[in-house]
Amino acid sequence: MAVNDSRESCTEVLFETTEGNIRIVLFNETPVHRDNFVRQIDEHFYDSVLFHRVIRDFMIQAGDPDSRTAPPGAKIGEADCGYTLPAEIRYPALFHRRGMVAMARESDETNPERRSSCSHFYIVWGKCFSAADIEKMRIRLDSTSKGAVKMTPEIISTYCNIGGTPHLDGAYTVFGEVTEGLDVVEKIQRTDTDNNDRPIKDVRILRAVVTRRR
């Protein structure tokens, strides 16, 4: 685990989905995002919400309240609960390796502070990189971030051997990690989707519950 906290000291949540269960720990290093996520779960916000955006070898995303009742084929993903969260980017301690959970957000053009959505979250799948490809990515990130995002040897090794989405590092708040059910995430990210990245067959969060509070 890429944080100072042990899993046992973290809040834990469970998502029961139509494809199986996904258990997630929420990091104490990102308290605003942790507490917001817990509040949303306590208020049953995620119950019956779809994974509305799924991109193979990249990530799965949920958090649109309108998706609960969206008819088949409808374009969804624009609705949320009406506020944003201040960024809590903790790179390099927290980075986009496979299984990490982060909040989506609007683009830098309209959101230069990189504030997070109040409800849209994604679970990273990504891919494994060759040494040559990760070196190109390292150079590009160093340039585009003006030196703010520098890959450590540990991060480079992780992206080569475990996988993830390094191009998102330093730009989105990572606030949790899947501890059980990564096979379910893999199954979901392989589902067939339409031109809007919505699964052809709905993938639904049946229920979300906090299983441990810290």
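**Charge, fold and local geometry of the predicted chain**

The protein chain carries 29 positive and 33 negative side chains, and the centres of these two sets lie 2 Å apart. Lys and Arg count as positive and Asp and Glu as negative, while His and the chain ends are not counted; the place of a charge is taken as NZ of Lys, CZ of Arg, CG of Asp or CD of Glu. The model is predicted, so local features need pLDDT of at least 70 and side-chain atom pairs count only at pLDDT 80 or more, whereas totals for chains, interfaces and linings use all residues. Residues are numbered from 1 along each chain as its sequence is written, and side-chain values use heavy atoms, with hydrogens and water left out.

The secondary structure comes to four helices and 10 strands, where helices (H or I, at least four residues) and strands (E, at least two) are DSSP runs numbered from the N terminus. Along the sequence these follow the pattern β-β-α-β-β-β-β-β-β-α-α-β-α-β. Of the 214 residues, 50% count as buried, that is, under 20% relative accessible area, with exposed over 50% and partly exposed in between (1.4 Å probe, protein chains only). Among contacts (heavy atoms within 4.5 Å) between residues at least 6 apart in sequence, 74% join residues at least 24 apart.

Helix H1 (residues 31-42) has 12 residues and reaches 16 Å from its first C-alpha to its last, close to the 16 Å expected at 1.5 Å a residue; the expected span is 1.5 Å times one less than the number of residues. The buried residues of H1 are His-33, Arg-34, Asn-36, Phe-37, Val-38, Gln-40 and Ile-41. His-44, which follows H1, lies in the loop between H1 and strand S3 (51-55). Its phi is positive, about 65°, although His-44 is not a glycine.

Most residues other than glycine have a negative phi, and most peptide bonds are trans. Arg-114 also has a positive phi, near 60°. Arg-114 lies in the loop between S6 and strand S7 (116-117) and is partly exposed, with a relative accessible area of 26%. The peptide bond from Tyr-91 to Pro-92 is cis, with omega near 10°; Pro-92 lies in the loop between strand S5 (84-85) and strand S6 (100-103).
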